[in-house]
Amino acid sequence: MNQTRRREETFKRLFMTQFYPDDEIEELKAASDELETLDPDADVHPYIEPELGNGIKEADLKLINDKVEDIREHIADIDDTLNTCMEGWKTTRLSKVDLTILRLAVYEIRYDDHIPFKVSVNEAVELAKKYGTEKSSGFVNGVLRRIIDSEQGLDSSKAE
């Protein structure tokens with residue numbers, strides 16, 4: 001699975017966590033994992049969309065789930081960063097889609113040394129185009145650029 005697809009699956013799972021209490025997340029994750037690892041050639045329940053049985057490899061699934069959990073552990077810091085850098089907006093006023101995209105991107109910018117800033121921003125903008133409103137991609141791009149401009153002491157090689 002390529003990094004773009006892995007990021008999109010991470011986005012979907014992170015988005016889902018906003019609607020359930022913490023004690024239900026593990027149960028939902030297990031049910032989702034079971035659907036995701038279905039054999040694509042196997043019979044699928046008629047009420048389950050076929051693309052859910054897309055055969056995500058267990059190694060990718062582990063990376064996705066680990067990243068979601070790590071993001072959730074850093075939510076307070078990520079939201080603080082967002083609230084500091086957004087003019088006239090707070091995370092409580094954002095759509096759940098935009099907020100999830102921004103949280104994922106800020107996590108990558110601040111905590112994932114393997115992903116260059118430009119990649120995080122570009123991928124976030126693409127997710128916003130796909131899942132957000134007409135204005136989401138511009139908003140996400142602007143917020144992330146402001147965050148990158150304000151970051152001090154991060155590895156400058158990530159900026160390239």
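I take contact to mean heavy atoms within 4.5 Å.

**Entry: ground rules.** I note that this is a predicted model, in which local features need pLDDT of at least 70 and side-chain atom pairs count only at pLDDT 80 or more, while totals for chains, interfaces and linings use all residues. I also note that residues are numbered from 1 along each chain as its sequence is written, and that side-chain values use heavy atoms, with hydrogens and water left out.

**Entry: confidence.** I looked up pLDDT, the predictor's confidence in each residue, from 0 to 100, and found that the protein chain averages 82, with 73% of the residues scoring at least 70. Helix 2 (residues 22–36) has the lowest confidence, at a mean of 61, whereas helix 5 has the highest, at 97. Over residues 43–53 the pLDDT stays under 50, and for that stretch I find seven contacts in the model beyond four places in sequence.

**Entry: overall make-up.** I counted secondary structure from DSSP runs, numbered from the N terminus, where helices are H or I of at least four residues and strands are E of at least two. The protein chain comes to seven helices and zero strands, and its pattern along the sequence reads α-α-α-α-α-α-α. For burial I use relative accessible area with a 1.4 Å probe on protein chains only, where buried means under 20%, exposed over 50%, and partly exposed in between; of the 160 residues of the protein chain, 40% count as buried. Among contacts with a separation of 6 or more in the protein chain, residues 24 or more positions apart account for 72%.

**Entry: the core.** I then looked for a nonpolar core, meaning a set of buried Ala, Val, Leu, Ile, Met, Phe, Trp, Tyr and Cys residues joined through side-chain atoms within 4.5 Å. The largest has 30 residues, and those with the most contacts inside it are I71, L82, I101, L102, V140, L144 and I147. Two or more residues each come from helix 1 (3–16), helix 3 (58–73), helix 4 (75–85), helix 5 (96–111), helix 6 (117–131) and helix 7 (136–150). Helix 5 gives the most to this core, with nine residues. In soluble globular proteins, nonpolar side chains tend to be buried together.

**Entry: L102.** I followed L102, which sits in helix 5 and is buried, with a relative accessible area of 0%. Not counting residues up to four places away in sequence, L102 touches L82, M86, L94, F139, V140, V143 and L144. From L102 to T91, eleven residues away in sequence, the C-alpha to C-alpha distance is 9.7 Å.

**Entry: packing of helix 5.** For the axes I use lines fitted to C-alpha atoms, for helices over the stretch in contact, with angles from 0 to 180 degrees between N-to-C directions. Angles under 35 degrees count as roughly parallel, over 145 as roughly antiparallel, 65 to 115 as roughly perpendicular and the rest as oblique.

Helix 3 and helix 5 pack at about 90°, their axes 10 Å apart, and are therefore roughly perpendicular to each other. In this contact, K67, D70 and I71 of helix 3 meet L104, Y107 and E108 of helix 5. I sort residues into nonpolar (Ala, Val, Leu, Ile, Met, Phe, Trp, Tyr, Cys and Pro), charged (Asp, Glu, Lys and Arg) and polar (the others, Gly among them), and the residues of this contact divide into three nonpolar, no polar and three charged.

The axes of helix 4 and helix 5 come within 10 Å and cross at roughly 100°, which makes these two helices roughly perpendicular. The contact involves I75, D77, I78, D79, T81 and L82 of helix 4, together with L99, L102, R103, V106, Y107, R110 and Y111 of helix 5. Its residues divide into eight nonpolar, one polar and four charged.

Entry: R103, in helix 5, is buried, with a relative accessible area of 12%. Leaving out residues up to four places away in sequence, R103 touches L14, Q18, I75, I78, D79 and L82; the C-alpha atoms of R103 and I75, 28 residues apart along the chain, are separated by 7.5 Å.

R6, in helix 1, counts as buried at 17% relative accessibility. Beyond its neighbours within four places in sequence, R6 is in contact with M1, D60, L63 and I64.

R145, in helix 7, counts as partly exposed at 37% relative accessibility. I find its C-alpha atom separated by 7.8 Å from that of V121, 24 residues apart along the chain.
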